[in-house]
Amino acid sequence: MKLSYISFILANSLSLFSGVQGIYFYIQGSDPKCFLENLPPATVVVVKFSTEVFQASKNGYFEDAEVVVAANVKEKDSTTSFVSQKLGYKGQLTFTTTTLGDHHICFSAGVPSGGWFHEEKIKFNLNFFIGSDAVSTHYSSDKVTRVQDMVHVSNLWLQDVLNEQKRQRTMEVGFLEQSESLNSKLFLWIFFELAAIIGLGYWQVNHLRRFFVNRKLV
């Protein structure tokens, strides 16, 4: 199955501690649309979505309660999804990351009455909520009291700060290791280059000295 990827990088381009992004795209057939997202560990992600099916008779897109959405989330280097759900024509997907790194977030849709992944042209509307924004959205939908919401959001905001600091430290350590490796290789290259120049100079001087001695010029 061919995966279609949409560039969607939030970690560095949006707010340092939380992010909200709304997009839409069109899907037709069995190929899912995927997002490659770099996320810190222990981060709550909520994806709110709605779908509309193109109706030729009305020449427009309209909601259809028969649409079924398939959502899958997996880590970049993993072959299995740690989130795999079948959802309705609108709703939300909620998950929590466990590791630092890229995550594949994929969506596909179909109308069962026409066969799963029937060739219907479907418009997807997505809103991504990450970190404290995701927690606020999630708990508000469950009608938790305002005070509890504030406590949860505050705790997640603090957790976002700690996770972001951890991610930055991990990136800095990786950068330092790469720099040290590069400096070591550069030093060795310079050392061997100087050794080669000195050796070549020594050989040339000895060769010229023997030449002049053989010619009795000195």
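Asn59 is exposed, with a relative accessible area of 63%. The model is predicted. In it, Asn59 lies in the loop between S4 and strand S5 (60-62). Its phi is near 50 degrees, a positive value in a residue other than glycine. The points below cover backbone, core, surface and charge pairing.

**Positive phi**
- Asn59 counts as exposed because its relative accessible area of 63% falls in the class over 50%.
- Ala42 is not a glycine either, yet it has a positive phi of about 55 degrees.
- The loop between S3 and S4 holds Ala42.
- Ala42 is partly exposed, at a relative accessible area of 34%.

**Nonpolar core**
- The largest nonpolar core has 25 residues.
- Val69, Leu93, Phe107, Phe124 and Leu126 have the most contacts inside this core.
- Strands that give two or more residues to the core include S2 (18-28), S3 (33-39), S4 (44-55) and S6 (68-75).
- Also among them are S7 (83-87), S8 (90-96), S9 (101-110) and S10 (121-131).
- S10 supplies the largest share of the core, 5 residues.
- In soluble globular proteins, nonpolar side chains tend to be buried together.
- Beyond its neighbours within four places in sequence, Phe124 is in contact with Ile23, Tyr24, Phe25 and Ile27, among others.
- Other contacts of Phe124 include Ser50, Thr51, Val69, Phe107, Ser108 and Ala109.

**Nonpolar surface patch**
- Leu186, Trp189, Ile190, Leu194, Ile197 and Ile198 make a nonpolar surface patch of about 650 Å².
- Trp189 sits in helix H2 (residues 146-214).
- Trp189 is exposed because its relative accessible area is 56%, and the cut-off for that class is over 50%.

- A search of the whole structure finds 1 salt bridge.
- The side chains of Glu164 and Arg167 meet in a salt bridge, at 2.9 Å from N to O.
- Side chains of opposite charge can pair when their charged atoms come close.
- Both residues lie in helix H2, 3 residues apart, about one turn of the helix.
- Glu164 and Arg167 are both buried.
- For Glu164, the relative accessible area is 6%, so this residue is under the 20% limit for buried.
- The side chain of Glu164 also makes a polar contact with the side chain of Arg167, at 2.9 Å.

Note on methods:
Residues numbered from 1 in each chain as written. Predicted model: local features only at pLDDT ≥ 70, side-chain atom pairs only at ≥ 80, totals over all residues. Heavy atoms only, no water. Core = buried A, V, L, I, M, F, W, Y, C linked by side-chain atoms within 4.5 Å. Buried < 20%, exposed > 50% of the residue type's maximum accessible area, 1.4 Å probe, protein only. Helix = DSSP H or I, 4+ residues; strand = E, 2+ residues; numbered from the N terminus. Contact = heavy atoms within 4.5 Å. Patch = residues over 30% accessible without salt bridge, like charges linked within 9 Å, V, L, I, M, F, W, Y side chains within 5 Å. Areas by Shrake-Rupley, 256 points an atom, 1.4 Å probe, with all protein chains shown as cover. Salt bridge = Lys/Arg side-chain N within 4 Å of Asp/Glu carboxyl O. Polar contact = N/O pair within 3.5 Å; in protein donor to acceptor, adjacent residues only side chain to side chain.
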